[in-house]
Structures are given as C-alpha cells and as structure tokens.
Amino acid sequence: MNIRVLHNKRIVLGVTGGVAAYKAAFLASRLTQAGAIVDVVMTEAATRFVAPLTFQAVTRRAVHTDIFALSPDSEPDARAGELQIPHITLAKSANLLLIAPATGNTLAKLAHGLADNLLTAIALATSAPLLIAPAMESEMWAHPATQANVATLVERGATLVGPAAGHLASGAEGVGRMSEPEEILEMARVVLGQKGDLAGRRMVVSAGGTREAIDPVRFISNRSSGKMGFALALAARDRGAHVTLVTAPTALPNPVGVDTVQVESAAEMRDAILSASDGADALVMAAAVADYRPGEVAEQKIKKTDGALTLRLTHTPDILAEVARLRELGRGPKVTVGFAAETEDLLTNAREKLQYKRLDLIAANDVSAADAGFAVDTNRVTLLSADGTAEALPLMSKEEVAHTIWDRVSSLIQE
Ligand code: PMT
C-alpha cells in the first residue's frame with residue numbers, strides 16, 4: 001500500500017557489511033511496496049552477507065556495487081551514448097540516503113569524509129538528508145571512536161535510528177542490534193517529511209475508545225481500534241508537524257516521532273487534551289470518548305448473583321465543549337476538528353455537534369457501513385465546515401482521509 005510521503009521518493013539504500021544486511025532486504029522490499037524508488041548500493045563486504053540479486057529482486061532495480069562501473073545514462077534529458085557516473089547520478093537523484101546496516105567502519109568513513117567506495121562517495125556528493133541505522137557488537141558501538149563519529153554525524157544533521165538492545169551476531173546480548181525494518185521505515189517517513197507543509201505546526205490528535213471502569217477488572221468501552229486517530233497522527237508527522245497523540249488503549253504500537261500520551265478514561269483524556277492543546281495549532285478528536293461512566297467504581301470485583309445488576313451511569317466531561325470554552329477565553333487550539341460517529345441521521349446529527357461543540361470542521365462518519373468507521377483500514381466521511389459547506393469524500397484509506405483533513409486544517413490555520 002502506498003504511503004504518501006514515500007510515494008515516488010528516491011531512496012538510496014546503502015547496505016554495509018554486517019549480518020543485519022539480511023534485514024535490509026526486507027526494508028528494501030517494504031520501502032518499495034510503500035511506493036518509494038529504491039536504489040540499493042552495497043559495499044563489497046555487504047555482498048558477502050547477501051547477494052545483490054536479492055535486492056534486485058525486491059526493488060526490481062539494478063543494484064550498485066562498483067564506483068568505476070559507468071553505465072548508459074537512462075535519464076530523459078541525457079545525450080545519446082553519454083555514460084553516467086554512478087555516485088554523482090545517485091547522489092543527485094536521492095531524496096534520502098539511508099544506510100542500514102551501518103557498520104562502525106562506515107560510520108568512521110562518513111564522519112571523516114572518506115570516499116573510497118561507491119556508498120561513501122555518494123554520501124560525500126549528496127545534499128539529501130542522511131538516515132543511519134548502525135549495527136555492530138556492543139563493544140564497537142560503545143567505543144569512544146564510534147561515539148565521537150556518531151556525534152560528528154549528528155551534529156552535521158544526520159539522523160540516527162537505533163541501535164537497539166538485544167541478541168547480537170556474537171551470541172551476546174547488548175546494544176548494537178540494527179533497529180527493526182518497520183522502525184527504520186517509520187524514521188525514513190519522519191526525515192522525508194521534515195520540511196513538509198505542516199513544519200513548525202503543533203498538532204494534537206486523540207485516538208481510541210476510552211475505558212470507564214466498573215470495578216477493578218471490568219470496564220465500559222466501544223469498538224474504536226485507534227486506526228483513524230493514529231493515521232491522523234502519522235499523516236501530520238509525515239508533513240513535518242510536531243504531533244501529540246493522546247490515545248486510549250489500542251493494539252497499535254506507539255508511532256515513531258510522535259509524542260504519545262496513554263490514557264484510559266474520558267476524564268484522563270480530558271486532562272491530557274486540555275494540557276496538550278493549549279496554544280496548539282489544531283486539535284483533531286478522532287477518539288470515541290465515552291459519554292457515560294459508572295457513577296461509582298466498585299473497589300473490589302463485583303460478585304455474580306442470581307439477580308440483575310444495575311449500573312447507574314453519569315456523564316463524562318465533554319472534552320470538545322470544554323475546549324470551546326477555553327477558546328472563548330483566548331486559550332486552546334487555533335482550529336478544532338471533531339468526528340461524529342453516527343448510525344442514523346448522519347448529517348443532521350453531525351451538524352448539531354459541529355454547532356454545539358463550536359468546531360471549525362466535523363467529519364461525519366457513518367459507522368454502520370462495513371467498510372467504514374470502526375476497526376477497518378478505510379473510511380468514508382463527509383466534512384462539514386462551520387461556514388456551512390459540506391464535502392462528501394469517497395471511500396478512502398484512513399491515511400488518505402487524514403491527509404484530506406490536514407489539507408483543510410492547514411487552510412483554516414492560514415485564514
Ligand atoms: O478508531 P477506529 O477503529 O479507526 O474508528 C474510528 C472512529 C469511528 C472512532 C472515528 O472515525 C470517529 O468517528 N470518532 C468519533 C467517535 C465519537 O465518539 O463520536 P461522537 O459523535 O460520540 O462524538 C463527537 C465528537 O466529540 C468526537 O470528536 C469525540 O471525540 C468528541 N467527544 C465525545 C464525547 C466526549 N465526552 N467528549 C468529546 O470531546
């Protein structure tokens with residue numbers, strides 16, 4: 001599935017000689033599946049661990065290993081018969097230079113500007129951002145020389161992902177393991193998005209279904225998986241925003257490059273949202289916040305009896321309504337967006353919520369359809385604005401819905 005920030009982006013994936021090179025094949029495959037154009041550049045040592053053919057097969061592109069291998073220039077503006085110099089061509093075309101795994105040796109070369117192979121020559125010739133995923137034995141990682149090299153690279157603007165702690169090639173446990181490909185891919189999204197149209201903006205997003213405790217083992221909740229809210233957080237992050245995600249429990253991993261605040265109940269979500277959204281550029285509430293909670297929470301597990309059990313429910317705080325009151329006092333976010341999860345009278349109910357919660361925009365979400373709403377990867381919403389306009393969006397991935405909402409939020413902030 002395409003990921004917008006990776007789509008048609010040219011990534012030079014440098015693979016150096018470590019056993020983690022086998023994981024780089026999976027990374028190359030995931031980046032390609034996400035829509036990136038991946039040019040793999042391997043050092044001679046890397047080719048001892050994994051054959052170039054593996055990378056060729058997953059990227060469906062030539063793999064580069066030799067700095068002296070001139071090849072016919074296939075760029076559209078090339079003159080007939082002209083040969084391309086691989087390190088210059090790749091360096092110029094790259095949107096991102098990603099080195100995974102990066103050995104201690106390659107880190108040292110990069111820090112000192114050596115260019116004795118194709119990869120290090122590209123690193124010297126490119127103006128693309130550099131993302132490095134180191135992998136080595138923990139002693140090599142901890143060595144002052146490696147640490148000094150890493151500090152130099154970071155000071156020059158390189159981004160580091162990992163290394164992680166865990167099982168190493170030697171059989172030892174320690175810090176030095178290459179980060180998992182999924183985490184590296186997420187970091188590639190962050191780096192590619194850094195100068196996006198939301199750079200410098202501070203966005204707050206809520207996700208998931210709150211849990212309202214009945215007793216120490218039971219709670220009232222709903223079907224929200226968090227997918228819509230997480231998609232919003234990732235999309236804003238991929239466009240350069242600083243994102244705080246306030247989320248009720250979900251099965252999703254904490255997103256890389258996003259400040260994530262875990263909460264359980266509506267009351268906890270309220271506190272986290274009010275504190276994060278003060279002065280923020282926008283708040284988007286995709287969370288399914290419980291409207292009611294048990295009036296009293298039993299201290300011990302409620303015992304089963306023959307009779308019926310009656311729970312007395314009371315209102316939870318209406319978070320968006322409180323945010324609206326703060327905005328009247330000149331505090332709170334510049335723009336607020338809500339979602340209306342409805343099973344009937346979609347637009348009428350959504351419009352009422354838009355007005356009552358004094359929102360700038362609401363996504364009217366018919367949650368009775370099987371392909372939209374709770375726990376699926378797609379959604380179909382109608383965007384209703386405070387100025388009375390309505391835009392019915394077709395069925396889209398939640399990522400696409402998120403980007404469309406951020407497009408609208410971006411215009412609203414500028415107004
Ligand atoms: O998480 P997924 O599985 O991906 O599902 C996505 C979703 C269906 C949960 C999401 O797209 C959605 O529609 N979220 C809103 C769900 C909801 O609670 O709707 P509501 O109509 O009850 O509330 C309206 C708005 O007020 C929402 O923005 C809600 O976050 C907010 N609210 C609700 C109650 C409350 N006490 N305080 C609030 O601020």
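These legends describe close-up views of a predicted model. Local features need pLDDT of at least 70, side-chain atom pairs count only at pLDDT 80 or more, and totals for chains, interfaces and linings use all residues. Residues are numbered from 1 along each chain as its sequence is written, and side-chain values use heavy atoms, with hydrogens and water left out.

**View 1. The largest nonpolar core has 38 residues.** Such a core is a set of buried Ala, Val, Leu, Ile, Met, Phe, Trp, Tyr and Cys residues joined through side-chain atoms within 4.5 Å. Buried means under 20% relative accessible area (1.4 Å probe, protein chains only). Among the residues with the most contacts inside this core are Leu6, Phe55 and Leu98.

**View 2. Leu6 has contacts beyond its sequence neighbours.** Neighbours within four places are left aside. Contact means heavy atoms within 4.5 Å. The partners of Leu6 include Ile11, Leu31, Leu185 and Leu192.

**View 3. The largest pocket has a volume of about 890 Å³.** A pocket is an open set of points on a 1 Å grid over the protein atoms alone, where a 1.4 Å probe fits, with protein on both sides within 12 Å along at least five of seven lines. Its lining residues have an atom within 4 Å of a point. The volume is the space filled by probe spheres set on the points, which are joined across faces, edges and corners. The lining has 39 residues, and Phe339 is one of those nearest the centre.

**View 4. The second largest pocket holds about 660 Å³ of space.** It is lined by 21 residues. Met1, Arg189, Ala231, Leu234 and Asp377 lie nearest its centre.

Terms used:
Buried < 20%, exposed > 50% of the residue type's maximum accessible area, 1.4 Å probe, protein only.
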